[in-house]
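Let's take a friendly walk through this structure. Have the picture open and follow along as you read.

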Amino acid sequence: MAALRVESATVRFGDRTVLDDVDVGVEEQETVCVLGPSGSGKSTLLRAVAGLREPDSGRVLLDGADQRGVPVHRRGLGLMFQDHQLFPQRDVGGNVAFGLRMHGVSKQRAAARVAELLEMVGLPGAEHRAIASLSGGEQQRVALARALAPQPRLLMLDEPLGQLDRSLRERLALELQQLFAELGTTVLAVTHDQSEAFALADRVLVMREGRIAQSGTPLEVWQRPASAFVARFLGFDN
Ligand code: ADP
Ligand code: MG
């Protein structure tokens with residue numbers, strides 16, 4: 001059974017159809033990356049899966065169960081969204097522990113888990129550092145640790161490496177890909193950056209104006225763009 005299945009999801013804002021009859025499947029332990037230009041509907045797709053904006057029609061299934069009406073905090077998701085900032089007044093450990101404490105994990109157990117998570121994302125011993133003292137890349141690692149903390153059945157990343165410069169972005173994308181493989185994490189990520197998508201993904205979905213224009217492995221999409229739009233978006237001239 002697929003970890004996530006989005007069936008014919010449509011989202012409209014007024015008379016604009018922003019997500020247009022979209023189907024997406026993510027298998028257990030798979031990393032699927034939606035790649036598309038700004039405004040193509042990527043964030044709307046993630047928000048629909050999370051239940052932050054229920055689709056106007058279509059369904060979202062997690063492990064086979066229809067999620068309509070299930071609130072976001074009961075969907076078992078790990079979210080790392082552009083607009084989900086870290087809490088600046090808490091230290092690193094406080095940020096990572098946030099979801100654990102909310103789920104009723106004891107202080108002591110949370111502390112052990114936080115240490116393990118910070119180790120995983122390459123920030124061992126950073127518990128007491130202030131958020132303001134971290135670089136952009138370090139902040140994204142903390143946000144990732146926070147999202148992974150409750151062991152979500154699906155991790156959703158919105159432009160996860162967007163704040164970083166290009167060289168760091170590619171290195172981190174490969175690091176994440178390795179981490180997700182080791183942990184067996186199931187991931188749905190969205191980005192406008194093709195090198196990020198190709199480094200992270202087992203499968204890439206190219207999105208255009210609210211529709212999936214192509215689905216394939218990074219190599220398939222790269223070698224055989226399915227349309228002039230995909231080819232142009234990947235930077236081929238014709
Ligand atoms: P992407 O993440 O690919 O850049 P979005 O999903 O954020 O795209 O947005 C897709 C389109 O939907 C954009 O044109 C955006 O302006 C529009 N949109 C997104 N959210 C809303 C909203 N709450 N109300 C009206 N329009 C929206
Ligand atoms: Mg977006």
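## Around the ligand

Which residues surround ligand 1? They are Phe-13, Val-18, Gly-36, Ser-38, Gly-39, Ser-40, Gly-41, Lys-42, Ser-43 and Thr-44, where a residue is near a molecule if its C-beta atom, placed from the backbone, lies within 6 Å of it.

By class, this shell has 2 nonpolar, 7 polar and 1 charged residues. Ala, Val, Leu, Ile, Met, Phe, Trp, Tyr, Cys and Pro count as nonpolar, Asp, Glu, Lys and Arg as charged, and the others, Gly among them, as polar. Helix 1 (residues 42–50) gives the largest share of the shell, 3 residues. Helices (H or I, at least four residues) and strands (E, at least two) are DSSP runs, numbered from the N terminus.

## About the model

This is a predicted model, in which local features need pLDDT of at least 70 and side-chain atom pairs count only at pLDDT 80 or more, while totals for chains, interfaces and linings use all residues. Residues are numbered from 1 along each chain as its sequence is written, with chains lettered from A and ligands numbered from 1 in the order in which they are written.

Look for His-192 in the loop between strand 8 (187–191) and helix 6 (194–200).

Leaving aside neighbours within four places in sequence, His-192 is in contact (C-beta atoms, placed from the backbone, within 7 Å) with Gly-36, Pro-37 and Ser-38.

Conventions: Contact = placed C-beta atoms within 7 Å.
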